[in-house]
Amino acid sequence: MSRSAHPAGPRHADVMTEGHYTAPPADLNVLDAKVWARTVTRDENGAVAVGGIEVTRLAEEFGTPAYFLDESDFRARCRAWADAFGRDADVFYAGKAFLSRAVVRWLKEEGLNLDVCSGGELTCALDAGMPAERIAFHGNNKTVEEIERAVTVGVGRIVLDSFQEIARVAHIAQRLGKRQRVQIRVTVGVEAHTHEFIATAHEDQKFGIALAGGQAAEAVRRALTLDGLELIGIHSHIGSQIFDMAGFEVSARRVVQLLAEVRDEHGVELPEIDLGGGLGIAYTSEDDPREPHEIAKALGDIVTRECEAAGLATPRISVEPGRAIVGPTAFTLYEVGTVKPLEGLRTYVSVDGGMSDNIRTALYDAEYSVVLASRTSDAEPMLVRVVGKHCESGDIVVKDAFLPSDLAPGDLIAVPATGAYCRSMASNYNHALRPPVVAVCDGEARVIVRRETEEDLLRLDVG
């Protein structure tokens, strides 16, 4: 199906977007497989479909805005990571990307472990049946209550983030009569090529204990001598949305140097090294992420080479993909409400969601793709900015993209690669209701996180 074009904003062959020229795609109806889940297609009616179900039908049943998650794609990505690293390594799904009880069950069934960073995430994991020994507990300021519960249930590892936390976890473990397995998170001075707010391994930031000045070495000394702790390794995380492996190479080299210093001083070879997550995904056609088997080989080669040079046995490697698993598996479906052309600039397309369901564009200057999802169109492309309905000028979902110039109120548009962080960071700004997450698989759709109601909003308001 298509509609005839009507004038709506600039439709130049090449247009200026954020300081550089961008050409519209040759065909706005084509779905780039890099940014969409595996079962997303256009059906014979021209509508986008996932798991064999048209978005028009999904919108009728579940409303908009809504996140639609391809369960088979999620499971396939879990298996790809598990297969790539094999039995001699550990893959921890980073729950902060998106966590629900259904996701925990999928992880358990597909053989992945789980990384949590709050008491709430731990509760979700345990409630859904994830064995405690397959859980890693992160965080730069874990509360006493969170630590007590983690130690009591027997989480597989606690990642220590400060000198105070080393003493705190040791004290709690001793009081509970436990010996807690721990890793020390170190900052290695590597600044990933990413937004400054999500680069986490340079020294001027809140995470970890610096290698510089011998602080990490001192942390190891304390962890090795305190009763209640079993130090199993070193943890390093250099950032997010990373495509270049060079940063991991520098990080691994510096962590292995620390392992060699530990061996020389204490006569102990720590058995594990965790290189964190942060591997990038494709949000637009310009992004070029690596496949899990490429990442596994690259990281394995780096660690093996550095350990051989240092005369160390190669430790067991852990990685923590979150976005790289769930990010591409979901898209957000919106209904167009207002189409507002600004002559010579762009057309503003307002949707029924916005920064309450995807704050990443406002927070990180993130880039996304967008397509007309409810139909196809042969109209000319127009440069658009997709914006939300909130009372903020920065309420932007997609900064610059092309949509057909016959776009009209009531059309459905879809933003891919929203599986990671969008629902996790969703808010009730302007008293918006957070959207549902709907899992789709083999022609069936089911809600795994329901849409909030106005009753939900008022339930906590006891005034």
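Predicted model: local features only at pLDDT ≥ 70, side-chain atom pairs only at ≥ 80, totals over all residues.
**Figure 1. Overall fold and dimensions of the protein.** The chain forms 23 strands and 12 helices. Its radius of gyration, 24 Å, is close to the 23 Å that the globule rule gives for 463 residues, so the protein is as compact as a globular protein of that length. The C-alpha trace extends over about 75 × 50 × 40 Å along the principal axes.

**Figure 2. Burial, surface and contacts.** Of the 463 residues, 57% count as buried. The accessible surface amounts to about 19500 Å², and carbon and sulfur atoms contribute 48% of this area. Where contacts link residues at least 6 apart in sequence, 71% of them join residues at least 24 apart.

**Figure 3. The open sheet β3-β4-β5.** Three strands, in the order β3-β4-β5, make up this open sheet, and their pairing is antiparallel. Strands β3 (41–42) and β5 (53–54) form the edges, each pairing on one side only. Strands of a sheet pair through backbone hydrogen bonds, either parallel or antiparallel.

**Figure 4. Close-up of the pairing between β3 and β4.** Strand β4 comprises residues 48–50 and runs antiparallel to β3, to which two bridges join it. For R42, the bridge partner in β4 is V48.

Definitions and conventions: Residues numbered from 1 in each chain as written. Heavy atoms only, no water. Helix = DSSP H or I, 4+ residues; strand = E, 2+ residues; numbered from the N terminus. Rg over C-alpha atoms; globule rule 2.2 N^0.38 Å. Buried < 20%, exposed > 50% of the residue type's maximum accessible area, 1.4 Å probe, protein only. Contact = heavy atoms within 4.5 Å. Areas by Shrake-Rupley, 256 points an atom, 1.4 Å probe, with all protein chains shown as cover. Pairing = 2+ DSSP bridges.
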